[in-house]
Amino acid sequence: MELRDIEIFLTLAEELHFTRTAERLHVTQARVSQAIKKQERRIGAALFERNNRLVALTPIGKRLFDDIQPMYRGLCEGMDRARLAARGRTGVLRVGSIAVNLHDFRELFDAFAQDHPECEVQLRHVDFGDPFAQLRAGDIDVQIVWLPVREPDLTVGPVIYTEPIVLAVGASHPLATRDSVCYEDLADVTVMGGARPDYWREILVPLRTPSGRLIRIGPSVSNFQEMIPILVTGEAVSPVHAQAARYYARPDIAYVPISDAPPGRWGLIWRTGSETELVRSFANAAHRLDSVE
């Protein structure tokens, strides 16, 4: 079995969606289907149940995933260690982030690099639709995420960034020309959902206005790219962190201040049972910068 075919199988087992698997691996959907059929012929059994509505692992597919996923991860980690050694590096810290304003964290990355010149920092994007999956799976070591986080298996570190919350709306939406809005205004529109867990989503999108009026929750999305067409057509609006106005500036989207929104806070989190010296050092660098400010 070719290594690429193994990667396709493992990715489809995680995504359970042929199109998303193809997009994630930058191959055609036909290539994904071809690889899975080839593996099923070789094994002599179906690995996935699939129809027009869903894709699911069969019991044999689940067993194969459990057997080869740790070996594939070990192979990738071995190759990574070899590449690092070739560049004179001996360690790696994988940092995940939902935030897109990574340039604002450059001082933190530079401070960590000064403490650990032998360590390479690798950055990974995390969708807000499933914000803790990569951290819990061990694919990343520490994560930049908006607060609060109330997960018993995750440690919450220092706050590293604060910013206003604004309302993203289509440029032709009636609220787009306002100097500001308030949470009471959200009772008159449909607001996007999708962020998980619920306590986290409610920081940006409460279920009711301050006076108790119900806020209608509309389409669910897992990242900002999915939000764009819904905003542009005026189907729904969404409170977002102000960084979106800089990194997703578009002529068809307006960002309006929310006058009564609390500031958005970003901090570090990591798996409590997997805290390493590098993770502690990264958090300490953030603490030092906060104390200086």
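An axis here is a line fitted to C-alpha atoms, for helices over the stretch in contact, and angles run from 0 to 180 degrees between N-to-C directions. Helices (H or I, at least four residues) and strands (E, at least two) are DSSP runs, numbered from the N terminus.

Colleagues, the model before you is predicted: local features need pLDDT of at least 70, side-chain atom pairs count only at pLDDT 80 or more, and totals for chains, interfaces and linings use all residues. Residues are numbered from 1 along each chain as its sequence is written, and side-chain values use heavy atoms, with hydrogens and water left out.

I begin with confidence. pLDDT is the predictor's confidence in each residue, from 0 to 100. The chain has a mean pLDDT of 89, with 96% of its residues at 70 or more.

Now to the helix pair. How are H2 and H3 packed? Helix H2 (residues 18-25) packs against helix H3 (residues 29-43) at an angle of about 105°, their axes being 8 Å apart. That makes H2 roughly perpendicular to H3, a term covering 65 to 115 degrees (under 35 is roughly parallel, over 145 roughly antiparallel, the rest oblique). Where they meet, H2 contributes Phe18, Thr19, Thr21 and Ala22, and H3 contributes Gln29, Val32 and Ser33; contact means heavy atoms within 4.5 Å.

Next, helix H5. Buried means under 20% relative accessible area, exposed over 50%, and partly exposed in between (1.4 Å probe, protein chains only). Which residues of H5 (residues 106-115) are buried? They are Leu108, Phe109, Ala111 and Phe112. Seen down the axis of H5, these buried residues fall within an arc of 160°, so they line one face of the helix; the arc is that of the directions from the helix axis to the C-beta atoms. The face turned away from that buried side carries the exposed residues Glu107 and Gln114.

The loop between H5 and strand S4 (119-125) holds His116. His116 is buried, at 9% relative accessible area. Neighbours within four places in sequence aside, His116 is in contact with Glu277, Leu278 and Ser281.

Finally, the cysteines. Cys119 is buried, with a relative accessible area of 5%, whereas Cys182 is partly exposed at 24%. How many disulfides does a search of the whole structure find? The search finds 0, a disulfide being a pair of cysteine sulfur atoms within 2.5 Å.
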